[in-house]
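Visitor: Hi! Could you walk me through this one?
Guide: Happy to. Let's look at it together.

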Amino acid sequence: AVVSTQSTGVEQYVDEKVMVHNPCKRSRLGSSCNTVVEQPQQKRYDISLLECLTKSEERAIKKARRKIKNKISAQESRRKKKEYIEGLERRVTVFSAVNQDLKVRVAELEDINREMQEQIILLTTKRARSRGTEVGCTVGTQTDLGES
């Protein structure tokens, strides 16, 4: 519990609540009043001071607070964007490495495929020679030769 005493009033912090004793002249009752306001711990303001300000001063303070809040929000937004971009850059690095590995694997498989196709051609040629037919013969031509 934090207690703050000022010439305009007494402010007591109890957990998440703010108890304010306000001897302000602008009070509705014309005398001092007590107010309990729930606020997050980091955003505690001396409410008694705010109630004693003129309208233009209140607007100026609200505008300043809004600017500070917007500045903090913009900083947080830039930080999140930077984290997001860094994450994307890490993913690009990982995927580039994986892509490179896959390109090597594709090249290896293409070589194996080319070798197998050459073996198929070689075996087909040997088979055709052993039967005494030409390599360029098709199934239809072989059937025609067999019937005659």
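Visitor: How much of the chain counts as buried?
Guide: Of its 148 residues, 13% count as buried, meaning under 20% relative accessible area with a 1.4 Å probe and protein chains only; exposed is over 50%, and partly exposed lies in between. This is a predicted model: local features need pLDDT of at least 70, side-chain atom pairs count only at pLDDT 80 or more, and totals for chains, interfaces and linings use all residues. Residues are numbered from 1 along each chain as its sequence is written, and side-chain values use heavy atoms, leaving out hydrogens and water.

Visitor: Which pattern does the chain follow along the sequence?
Guide: The pattern reads β-β-β-β-α-α-α, from three helices and four strands. Those are DSSP runs numbered from the N terminus: helices are H or I with at least four residues, strands are E with at least two.

Visitor: What about H2, how far does that helix reach?
Guide: Helix H2 covers residues 55-131, 77 residues in all, and reaches 108 Å from first C-alpha to last, close to the expected 114 Å. The expected span is 1.5 Å times one less than the number of residues.

Visitor: Which residues in H2 are buried?
Guide: Glu58, Gly87, Thr125 and Ala128 are buried there.

Visitor: And what follows H2?
Guide: Gly132 does, and its phi is positive, near 85 degrees.
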